[in-house]
Amino acid sequence: MKNINYLALGDSYTIGQSVCEKCRFPIQLQDSIKKYIDSNDTFSTQIIAQTGWTTTNLKNAIATANPSSNYDFVTLLIGVNNQYQNKPFSIYEQEFPELVNQAITFAKGNKNNVIIISIPDYAFTPFGNGSMTISNEIDLYNSFAENYCNENNITFVTITDITRLGLSQPNLVATDGLHPSELAYSKFVERILPIAKMKLGL
């Protein structure tokens, strides 16, 4: 019997603002992985995420929660609120690598057990109203994160393009007109699942 432990770090996109608890991507991912494990095996998911959190908020929350360093894999999706709250980009440049390194620590110190997920683009929602400024700034954050991951051989999964269909495919946007819907999260999971399975040896 095996116990698989998963830690999801992030903000509203991880906690699943405006969708049901089972609809958010970490739980959809958990439920998808469970199909590939033995019925006697267990899978537990811990989420440290809250709507509105910046990199600084997440760092503080991690310090409070003090998670163990025994997770089989860890996902990190953070940065949209740095952009939304007009925080200096330099904060992200400093704190994103710190958060990645913390994620590695929690993943038994093995960077191969970590998946970084790109930031969705909320410009393509009724709230964002197609703002090019938002899109360009999200691109800046994602480019920094992806380059950092590539330089350090850390897995980076892009889901931003899925969210950029939000205005042409309104069913990808939650009822609040801002966050991804259950369907959008299921599309995130389609991209993350094969990588997670590989990391878990499934």
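Reader: Leaving aside its neighbours within four places in sequence, which residues is S32 in contact with?
Author: In this predicted model, S32 touches V189 and L193 once the neighbours within four places in sequence are left aside. S32 itself belongs to helix α2.

Reader: Why does S32 count as buried?
Author: The relative accessibility of S32 is 14%. Buried means under 20%, so S32 counts as buried.

Reader: What makes helix α2 largely enclosed by the rest of the structure?
Author: Helix α2 covers residues 25-34, and eight of its 10 residues are buried, so the rest of the structure largely encloses it. The buried ones are F25, P26, I27, Q28, L29, Q30, S32 and I33.

Reader: What covers the buried residues of α2?
Author: The cover includes β1 (3-10), α1 (12-15), β2 (42-49), β3, β4 and α8.

Reader: Why is T56 called partly exposed?
Author: T56 has a relative accessible area of 30%. Partly exposed is what lies between the buried limit of 20% and the exposed limit of 50%, so T56 is partly exposed. T56 sits in helix α3.

Reader: Which residues is T56 in contact with, leaving aside its neighbours within four places in sequence?
Author: T56 is in contact with I91 and E95. As for I78, it is 22 residues from T56 in sequence, and the two C-alpha atoms are 10 Å apart in space.

Reader: Why are α3 and α5 called roughly parallel?
Author: Two packed helices are described by the angle between their axes and the distance between the axes. The axes of α3 and α5 cross at roughly 30 degrees and come within 9 Å. Angles under 35 degrees count as roughly parallel, and α3 and α5 are therefore roughly parallel to each other. The crossing of α3 past α5 is left-handed.

Reader: Which residues in α3 and α5 meet?
Author: From α3 they are T55, T56, L58, K59 and I62, and from α5 they are I91, Y92, E95, E98, L99, Q102 and F106. By class, this contact of α3 with α5 has six nonpolar, three polar and three charged residues.

Reader: Where do α5 and α6 meet?
Author: F89, Y92, E93, F96, P97, V100 and N101 in α5 meet L140, Y141, F144, A145, Y148 and C149 in α6. The residues of this contact divide into 11 nonpolar, one polar and one charged.

Reader: How many salt bridges does a search of the whole structure find?
Author: The search finds six. One of the pairs is K108 with D72.

Reader: How do you know that K108 forms a salt bridge with D72?
Author: The closest N and O atoms of K108 and D72 are 2.8 Å apart. A salt bridge needs the nitrogen within 4 Å of the carboxyl oxygen, so the pair qualifies. This pair links distant parts of the chain, 36 residues apart: K108 is in the loop between α5 (89-106) and β4 (114-117), and D72 is in the loop between α3 (55-65) and β3 (73-77). K108 is partly exposed at 43% relative accessible area, whereas D72, at 15%, counts as buried.

Reader: What ties R164 and D139 together?
Author: Their side chains meet in a salt bridge of 2.8 Å, N to O. R164 lies in the loop between α7 (160-163) and α8 (182-199) and D139 in helix α6 (residues 132-151), so the pair joins parts that are 25 residues apart in sequence. R164 is partly exposed, with a relative accessible area of 25%, and D139 counts as partly exposed at 31%.

Reader: Which residue forms a salt bridge with D161?
Author: R191 does, with the closest N and O atoms 2.7 Å apart. R191 is in helix α8 and D161 in helix α7, so parts that are 30 residues apart in sequence are tied together. R191 counts as partly exposed at 32%, and D161 is partly exposed at 38%.

Key
Residues are numbered from 1 along each chain as its sequence is written. This is a predicted model: local features need pLDDT of at least 70, side-chain atom pairs count only at pLDDT 80 or more; totals for chains, interfaces and linings use all residues. Side-chain values use heavy atoms; hydrogens and water are left out. Helices (H or I, at least four residues) and strands (E, at least two) are DSSP runs, numbered from the N terminus. Buried means under 20% relative accessible area, exposed over 50%, partly exposed in between (1.4 Å probe, protein chains only). Contact means heavy atoms within 4.5 Å. Ala, Val, Leu, Ile, Met, Phe, Trp, Tyr, Cys and Pro count as nonpolar, Asp, Glu, Lys and Arg as charged, and the others, Gly among them, as polar. Axes are lines fitted to C-alpha atoms, for helices over the stretch in contact, and angles run from 0 to 180 degrees between N-to-C directions. Angles under 35 degrees count as roughly parallel, over 145 as roughly antiparallel, 65 to 115 as roughly perpendicular and the rest as oblique. A crossing is left-handed if the near helix is turned anticlockwise from the far one by less than a right angle, and right-handed if clockwise.
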